[in-house]
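Please read this briefing alongside the sequence and the 3D view.

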Amino acid sequence: MSSDLMREAARRAVDYLDGLSTRPVAATGDAVAALSALDGPLPDAPAPPHDVLALLDRYGSPATTASAGPRYFGFVTGGTLPAAAAANWLAAAWDQNAFSFVSSPAATKIEEIALGWLRDVLGLPQDCGGAFVTGATMANFCGLAAARHRLLQDAGWDVEADGLFGAPEITVIVGDEAHTMLFKALGLIGFGRSRVVRVPVDGQGRMRADAMPAIDGPTILCLQAGNVNTGAFDPADEICGPARAAGAWIHVDGAFGLWAAAAPERAHLMAGYELCDSWATDAHKWLNVSYDSGIGFVRDAEALKAAMAATAAYLPPSEHRDPFSYTPESSRRARGVEIWAALKSLGRTGVADLIERNCRQASRFAEGLSGAGYEVLNDVELNQVMVAFRDDDKTRRVIAAVQDEGTCWCGGTVWQGRSAMRISVSSWATTDADVERSLDAIIRVAQSMG
Ligand SMILES: *Cc1c(COP(=O)(O)O)cnc(C)c1O
């Protein structure tokens, strides 16, 4: 019976979640090696679904990273809020194609409601267009595609029809510390990863307003709200006014930083960002919904729609908001459902508390580590902490040993020439006790190495 199978899947999933806070955060080498049990030639014969599920759980579950648990501080990785995980399971059962109203009234309407709530909680214009995509990389792509449309249409060029060969040139300005995935999006869109003007940054990775080039002709200026290492924000309040006056389209990569707008005590970091034209963010990072989920917002909704437009005889004219008119994808899963569930379960105050709590926890990490004699390399204003342990070699060894010890997981980076451990506090599941336990583990490991 397939209902037995689905109950069995739910039971196994719940057992998995229950085990997250006691297991080592990183998968053990043995667990990773055992994945080979899932390999072999494509089977000729069918297998009973119960056996398939049991194999996945037996070999797959132990080889996961416990990033859904409370002590994973790698990259910028949220967990999944209970309401969002539950909504994800239900939406998986719905198996909706969220590309149009006709294919899924529920997915389309829920997404539209979620879009309104997102604009509200992030302080974005109430009529800006939105695209529910896989993550910030594609959200950046959407903003850049809308910018490309608007700037080239204004210059008398139809880029969707005629492409970029022979088009009027667009200058792209980025901060020297822009995220690597912004460069990827620039490459995909045809602007080129290297064909950009890079603005020098300060010690926190913020674009220096005094080093901004003069803006002349069609220009896209890409700001960053939340540097992936320091959490720092480009100074939009200083840069946006003159850039707007010069006619630039201002795009924001705010994969996690945009969420500062939702927490009253952090909202000052977002000063000036309301003047921008497009914003990219993730829901799978700080809103704590499951992968994959990001949102692109565009003030000029018509520009986004023009960039993503598609027509076919089998697509009837519609008075509804058909999601495919705003996204690069056509068929896709109903990821707006989890966003709706997360926002409904948290409410405005719950989102603010989540952001603020993680920021406070990051400060506590910084305080604990500097108290133990280690060097915190960034001003901790958001949820990111970078710490160095004496020299680069020791720092790298501490990172590996912390990962191996298993209480928590932190990754590494190189910041302005120095190796550092990155601690990114982004999960709803992280309690203050988890922070203390992780601090103790990190300090113990570092001290044991002399
Ligand atoms: C994570 C991140 C991205 C990429 O986001 P994905 O969700 O992985 O596509 C882009 N920019 C910044 C600043 C990020 O932190």
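## Ligand shell, domains and a sheet

Sorted by class, the shell around the ligand holds 5 nonpolar, 6 polar and 3 charged residues, where Ala, Val, Leu, Ile, Met, Phe, Trp, Tyr, Cys and Pro count as nonpolar, Asp, Glu, Lys and Arg as charged, and the others, Gly among them, as polar. The model is predicted, so local features need pLDDT of at least 70 and side-chain atom pairs count only at pLDDT 80 or more, while totals for chains, interfaces and linings use all residues. Residues are numbered from 1 along each chain as its sequence is written, and side-chain values use heavy atoms, with hydrogens and water left out.

**Around the ligand**

- The ligand is surrounded by 14 residues, of which the closest are Thr137, Asp253, Asp282, His284 and Lys285; a residue is near a molecule if one of its heavy atoms lies within 4 Å of it.
- A polar side-chain atom of Thr137 lies 2.6 Å from an oxygen atom of the ligand, and a polar side-chain atom of His284 lies 2.8 Å from an oxygen atom of the ligand.
- From Ala136 it is a backbone N or O atom that lies 3.1 Å from an oxygen atom of the ligand.
- Taken alone, the ligand exposes 380 Å², and the protein buries 85% of that (areas come from the Shrake-Rupley method with a 1.4 Å probe).

**Domains**

- The domain assignment, which is automatic or taken from a database, gives domain 1 (2-68) and domain 2 (86-342).
- The C-alpha centres of domain 1 and domain 2 lie 35 Å apart.

**The sheet**

- An open sheet is formed by 4 strands in the order β8-β9-β11-β10, with antiparallel pairing; strands are DSSP runs (E, at least two residues) numbered from the N terminus, and two of them pair if DSSP finds at least two bridges between them.
- Because β8 (375-376) and β10 (411-415) stand at the edges, each with a single partner strand, one side of each is left without a neighbour in the sheet.
- Strand β9 (residues 384-388) pairs with strand β11 (residues 418-424) in the antiparallel sense over 4 bridges, and the bridge partner of Met386 in β11 is Arg422.
- β10 and β11 also pair in the antiparallel sense, over 5 bridges, and here the bridge partner of Val414 in β11 is Ser419.
- The hairpin formed by β10 and β11 has 2 residues between the strands, and Gln416 in the turn has a positive phi of about 45°.

Definitions and conventions. Polar contact = N/O pair within 3.5 Å; in protein donor to acceptor, adjacent residues only side chain to side chain.
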